[in-house]
Amino acid sequence: MAFLSLKNVVGGEFSNIPVGRYNFVIENCELRISKTQKEMISIRFKIIDDNQKNRVIFDNIVIGDPTYGEGAIRKFKAICVACGFDDDFDDPSDLVILNDKVLSARITHSFDKGTGRTVEKMLDFQVFDYEEPAKSNGSVKKVAQKAVKEPTQISKAKKEDKDDLPF
């Protein structure tokens, strides 16, 4: 008898998120190394709108490869600006400043020839608008307000560092 039988396991496929604009919270943002040994920013987005609530999208933005060029950096900057952060990152650990930030993005679909599957793409990142999602209940607004009111440890530390200057 096998320790773990996988013969009867089915599923594992998720339906695509319908095309449209959604509000997201960034659950995790960190620097990783891709399979090809290039630096990439790995971001986990979670939808906070009622109609697709808790659906997750992963995005890996490869920044250490000239093949992707400035497009990858522009995409990451658009995410940062939509989260209200438009500053340089001095250290990879600074990426956590984006965790728990809320933003809006448009989902489209494209066909990936390599896998033969339709994949989701996130485009047109914007600042989250508290009044816009009429279809959402108060929980979306609460998540967004919490993200705005509670600065991360890094942003607190940066403020303290500026105050500690000797001049």
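Visitor: In which sense do strand S4 and S5 pair, and over how many bridges?

Guide: Strands of a sheet pair through backbone hydrogen bonds, either parallel or antiparallel. Here strand S4 (residues 102–112) pairs with S5 in the antiparallel sense, over 9 bridges. Within this pair, Phe 111 stands opposite Thr 118 in S5. Two strands count as paired if DSSP finds at least two bridges between them; strands (E, at least two residues) and helices (H or I, at least four) are DSSP runs, numbered from the N terminus.

Visitor: What should I know about the model itself?

Guide: The model is predicted: local features need pLDDT of at least 70, side-chain atom pairs count only at pLDDT 80 or more, and totals for chains, interfaces and linings use all residues. Residues are numbered from 1 along each chain as its sequence is written, and side-chain values use heavy atoms, leaving out hydrogens and water.

Visitor: In what order do the strands lie in the sheet?

Guide: The open sheet has 5 strands in the order S3-S2-S1-S4-S5, with antiparallel pairing. Strand S3 (56–62) and strand S5 (117–127) are the edge strands, each pairing on one side only.

Visitor: How many residues lie between S1 and S2 in their hairpin?

Guide: There are 5 residues between them, and Gln 37 in the turn has a positive phi of about 65 degrees. S1 and S2 pair over 9 bridges, and Asn 28 has Arg 44 in S2 as its bridge partner.

Visitor: Which residue stands opposite Met 40?

Guide: Met 40 stands opposite Val 62 in S3. S2 and S3 pair in the antiparallel sense over 7 bridges.
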